[in-house]
Every structure is written in structure tokens, then in C-alpha cells.
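The account below goes through the strands, then the ligand.

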Amino acid sequence: MNRKYRKTVIAGNWKMNKTPSETKEFMSAFKAILPKGRWCDVVFCVPAVCIPAAVRAVRDTRVCIGGENMNPNPSGAYTGEISASMLLDAGCKYVIIGHSERRAMGETDEDVNAKVLAALEAGLTPIMCCGESLEQRESGVTEEWISMQIKNGLKNVPEDKMRKVIIAYEPIWAIGTGRTATPEQAQEVCQGIRTVVRKLYSSKHARAISILYGGSMNEKNAAELLAQADIDGGLIGGASLVPEKFVQIIEAANPAPLQPEEEEPVEETAEA
Ligand code: PGA
């Protein structure tokens, strides 16, 4: 992390877990144990049907809600799909784009790029995911592969909109497997991503972009991963489903003493 130059972001990815009722219960439990303080940016990306309950539950806090996917078209005959403006109007500020589980369902770099552009156009913050398979890592093409995913995903993203983009590095072999990348492995790739952004944009853009790590990040390994210079936060699946674990990860991302009550408004952790 480098809190001087860029935002630290702890984002949960609920995937296909929890109903709206369970969302409400989760948020009450989460708010009850989140100590008061000026935390880093905290986001929950939740299933579409849970968005209203989640938005309602966090409206008295600085916690934000996001979608897990979106369609790049503004509207039309796309049964079952959700547009950026729908997410925005429902109260979302973020959206995950190009998660490897969606790429496994056929999403291409071109689709990812179209979604990133549409999200930015609508005013959402895209969390654009990239990551290599175990096979790719073992055959030594990780750097090349990630660099291509980033270049393709960011195609035609104008300089001024880059400020809003977040990149998540999620090695596919580490997702949901309990097999986390070592802090050194994760750092190496995140540093490489920053170099790609520097080449595509500028040093200023590279220094300012938040790059998250995802893949079996949990309350035990978070501090070590977040201590790496180029890892600015986490995209967390399994551990974001348990309030206690997620709070511990938020705490790991905020090692400096908290400044409750002063300066800016802080979270109200009490009632729903
Ligand atoms: P995991 O998932 O933390 O359960 O490995 C991360 C992700 O897929 O975003």
C-alpha cells in the first residue's frame, strides 16, 4: 500500500451467495462490529437482487455497494442483463468487470473493454480483473498475459477517466482454492501492472491507480499481502461472507491509529 498516493480499497465479491434477507442480516452484524474510524474505502459487490437491501443497510456509513457484472449496452433486448445506469440508479458506485469466473463463461477482453468504457461513461468505478491460470504461470507467460489483458481492457479509456479505474489482480489458481499467491508473487505482478499503466498513460497515472490483489485473501494473510508496495487493497470472495473476517481484513488495511470523531464524518455503526 502507499496511502500517500492512492486509495486503499477493500472490496468484497459475494458471487452467487446470500439472499436479500441474508444481506440485511449480514449488514446488521457487520455494522455492529465495525469499529468507528476513518477506514479505507470499503465496498461490497453483491448479487443484483441484493443491491437494494445492501444500499439501504449502508446508507448511514461510508461503505459502498457495487455490482458483480454489467452489460455494456445502454438498454434494449438483452434478457436477463443489467446496464450501468441501472446499477447506478440502484445506488451502486462500483462494478466488478472481467472476473475470471465470467471470463470462463465466455467473456473476452473485448467484452471487458466495452464494459469498462460503459461503466466509466455512466459514472461507475470499474474494478477490472485480470489473472493467469496455473498452466500459464508454470509456462512462464504470466507477465505477458497480464499485460495483454490490461492493454486490451483499457483500450480507448481516456486519460481523465483513468483516475476512476481500479485493477484487481486475481491469479485463477488462487481463487477459492485456499492457495494464496505469496506476497512476493502478488507484488511482482501488481508492480508489473503499474508499469503497464505507466507505459500506456503516465507516471502520474501509474502512481495514482489502486491495484488490488484477490485470491484466497483472508484475515490471516491480508496484512502481509497489503504490506507490499504495489498492493493497494483486496478483492475478497469467501472471507467477505463472514462479518468478523471481513472486519479483520479492513483492520489489516488500516494499520495507522484511527482518528475517530474528528475532522470528517465517520461511520455510524449502530442501527440499521
Ligand atoms: P476468494 O475469491 O477470496 O474466495 O478466493 C476472490 C474472488 O474471486 O474475487
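Strands β2 and β3 (residues 64-67) pair in the parallel sense, with three bridges between them; pairing requires at least two DSSP bridges. Opposite C45 stands G66 of β3. Between β2 and β3 the chain passes through helix α2 (residues 51-58), in a right-handed β-α-β crossover. Right-handed means that, with the strands pointing away from the viewer, the path from the first strand over the helix to the second runs clockwise. Helices (H or I, at least four residues) and strands (E, at least two) are DSSP runs numbered from the N terminus.

This is a predicted model: local features need pLDDT of at least 70 and side-chain atom pairs 80 or more, whereas totals for chains, interfaces and linings use all residues. Residues are numbered from 1 along each chain as its sequence is written, and side-chain values use heavy atoms, without hydrogens and water.

β2 is also joined to β1 (residues 9-13), by five bridges and in parallel. The crossover from β1 to β2 goes through helix α1 (residues 20-33) and is right-handed.

A ligand oxygen atom lies 2.8 Å from a polar backbone atom of G237.

How values were computed:
Polar contact = N/O pair within 3.5 Å; in protein donor to acceptor, adjacent residues only side chain to side chain.
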